[in-house]
Amino acid sequence: MEKEVIIRNDLRIPWSEIGMKTIRSGGPGGQHVNKVETAVQLTLDIRNSSLPEEIKEKICRSGDKRINKEGILQLRSDAFRSQRKNREEVIQKLISFILPFTKTKKKRIRTKPSKNILAKRKSQKISRSKTKLLRKKPPIEN
């Protein structure tokens, strides 16, 4: 069986759809950083992936700057000096990027407030009104 990236139990992306490339990482490290490719760049063609159509559409409509006009997602990790750790981190970034698009919003069910709550609200309004009436200046008698 082919290896897969598991987003959820029912959602998986085969490795064949994911492109990984190692690149040189910037930052401190002296001469070593100029010789070794430790940063990892992950690419995923969202439009041609095996993701469900509704998720593809949500991702493409999101307007995220990491997705180019062709619908290719590019993620990069250069936080560690180890290529293996950067690979693991970029896969976690992919999972955390796609996961929010898999959740569906629950439709709100309108409910009526109970009679008790309505009565309590009315009594609060009346007591507040009385408080404000007491603050008024008394009428001047002629």
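In which sense do strand E4 and E5 pair, and over how many bridges? Strand E4 (residues 39-45) pairs with E5 in the antiparallel sense over 6 bridges, where pairing requires that DSSP finds at least two bridges between two strands. Helices (H or I, at least four residues) and strands (E, at least two) are DSSP runs, numbered from the N terminus. Within this pairing, Thr 43 stands opposite Gln 74 in E5.

The model is predicted, with local features requiring pLDDT of at least 70 and side-chain atom pairs counted only at pLDDT 80 or more, while totals for chains, interfaces and linings use all residues. Residues are numbered from 1 along each chain as its sequence is written, and side-chain values use heavy atoms, with hydrogens and water left out. The pLDDT (the predictor's confidence in each residue, from 0 to 100) averages 88 over the protein chain, and 96% of the residues score at least 70. Confidence is lowest in helix H1 (residues 31-35), with a mean of 74, and highest in helix H4 (residues 115-135), at 95.

Strands E3, E4 and E5 form an open sheet in the order E3-E4-E5 with antiparallel pairing. Strand E3 (18-23) and strand E5 (72-77) each have a single partner strand and stand at the edges, so one side of each is left without a neighbour in the sheet. On average, neighbouring strands of this sheet are turned by 20 degrees against each other, direction ignored. Axes are lines fitted to C-alpha atoms, for helices over the stretch in contact, and angles run from 0 to 180 degrees between N-to-C directions. Helix H3 (residues 83-102) packs on the sheet and touches E3, E4 and E5, contact meaning heavy atoms within 4.5 Å; the direction of H3 makes about 140 degrees with that of E5.

The axes of helix H2 (residues 53-61) and H3 come within 9 Å and cross at roughly 110 degrees. The two helices are therefore roughly perpendicular to each other (65 to 115 degrees). Ile 55, Lys 58 and Ile 59 of H2 make the contact with Phe 97, Ile 98, Phe 101 and Thr 102 of H3.

Separately, strand E1 (residues 4-8) pairs with strand E2 (residues 11-14) in the antiparallel sense over 4 bridges. A hairpin through 2 residues joins E1 to E2, and Pro 14 in E2 is the bridge partner of Glu 4.

How values were computed. Parallel < 35°, antiparallel > 145°, perpendicular 65-115°, else oblique.
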